[in-house]
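This report describes some side-chain arrangements in one protein model. Please look at the sequence and the structure below before reading on.

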Amino acid sequence: MMKALGQASTVDEKAAEAAIRAVPGWANADMRYAPGIAGVASPTHRAVDSQNWFVARGDAPATYFLKILHSDQSDFIDLDRSVTAARQASTLGLTPAPLWHSPEMSAVVFDRLPETWHTARMDDLRKRDVLESVIAAKSTLHGGTSLGETWTVFDRIRVVEKALVDAAIAEVAADGWWMRECVGDIEAAIIATGFDEKPAHADGLASNIMIAPDGRVQLVDFDEARNVDPFYDIGILLNEAFQFDSEMQPALEIFEGQFRQTSLNRCRLYAIADDLFWGMWGMLMDRVSPRVGIEFLKYAQWRLLRCRMALRNPRFEFMLRTL
């Protein structure tokens, strides 16, 4: 049920109405809104960073999508940077265009994809045609204009480490120090061998890929987008979709035109570091976020478990030496 402006009855609805009124031309228009996608961290990670709303003009279908970032994400998301990356991707036909944003309100409005599009699931990514389309989209973005900021997942780990210290959280797990040391070895190995810096979605979540009935794909949510090693961008996608090397090899053939073991090793190592980051992030959110209905702890434990298992794999040292 959509509400008209002036009908807000909750704090979240009042924030949504304030953002809608701030969009040029909307303050006095017959704008209506309804809750969008509910946030969930487990078993899928979706709509966790922001409150979102479907927005329509009068009785027309909702053709706009409003996001308002949660305050507990301020250490991790820069709205201006996110919107700039999304705008660049939209010019390449890879994502819906951002129409307006306000850093002060932590709000952004996008064109909304038609309702016939659906959010990708992990089993969608295992379909050859979908995987080819997703990798093609990411590769197109890699060939675009450089974004304003460059980082690595190791930089992100240092950001969350500082936030954990500030929140007086001593450790995320009993063996957290060991996982952190191993990931430090990964960073040293990657720095030693060198890497490219390309504009990227830098998001491996299936839930941030949309699929049309005819198989077309769009990338959504550019909150993580920066210049990164393209193998990080691909590695975290493969980590989301596949468990075994044999499943990842065809994807790397699509990406590079041939399979190279060194590329798989790099992707695998980036995935380990990414799991550690999101595990640490989830433990932080479990302690500091006021959103007690989100299963941050469960999500964190899953990501840390997968990180731990990969580090204990006998092939870990071999991968470090063969990049």
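## Aromatic pairs and a buried aspartate

In this predicted model, Phe231 is a buried residue, with a relative accessible area of 14%. Phe255 is buried too, at a relative accessible area of 19%, which falls below the cut-off because buried means under 20%.

The model holds 12 aromatic pairs. A pair of aromatic rings is described by the distance of the centres and the angle of the planes. Phe231 and Phe255 make up one of these pairs: the ring centres are 5.6 Å apart and the planes stand at 85°, so the arrangement is edge-to-face. That label follows because planes over 60 degrees apart count as edge-to-face. Phe231 belongs to helix 7 (residues 230-241) and Phe255 to helix 8 (residues 245-256), so the pair ties together parts that are 24 residues apart in sequence.

Trp281 and Phe296 form another edge-to-face pair, with 5.6 Å from centre to centre and 80° between the planes. This pair links distant parts of the chain, since Trp281 is in helix 9 (residues 261-288) and Phe296 is in helix 10 (residues 296-311), 15 residues apart. Trp281 is buried, with a relative accessible area of 1%, and Phe296 is buried as well, at 2%.

The two pairs are set out here.

| Pair | Centre to centre | Angle between planes |
|---|---|---|
| Phe231 and Phe255 | 5.6 Å | 85° |
| Trp281 and Phe296 | 5.6 Å | 80° |

Trp281 and Phe296 also belong to a cluster linked by ring pairs, together with Phe76, Phe277, Trp278 and Tyr299.

Arg112 lies over the face of Phe54, at 3.7 Å from the ring centre.

Helix 7 contains a further residue of interest here, Asp233. Is Asp233 buried or exposed? With a relative accessibility of 0%, Asp233 counts as buried.

Which side chain does Asp233 join through a polar contact of 2.8 Å? The partner is the side chain of His142. The side chain of Asp233 also reaches the backbone nitrogen of Ala202, at 2.9 Å.

How values were computed
Residues are numbered from 1 along each chain as its sequence is written. This is a predicted model: local features need pLDDT of at least 70, side-chain atom pairs count only at pLDDT 80 or more; totals for chains, interfaces and linings use all residues. Side-chain values use heavy atoms; hydrogens and water are left out. Rings of Phe, Tyr and Trp (its six-membered ring) pair if their centres lie within 6.5 Å; planes under 30 degrees apart count as stacked, over 60 as edge-to-face and the rest as tilted. Helices (H or I, at least four residues) and strands (E, at least two) are DSSP runs, numbered from the N terminus. Buried means under 20% relative accessible area, exposed over 50%, partly exposed in between (1.4 Å probe, protein chains only). A charge sits over a ring if NZ of Lys or CZ of Arg is within 6 Å of the ring centre and within 35 degrees of the ring normal. A polar contact is a pair of N or O atoms within 3.5 Å; within protein, one must be able to donate a hydrogen and the other to accept it, and residues adjacent in sequence count only if both atoms are side-chain atoms.
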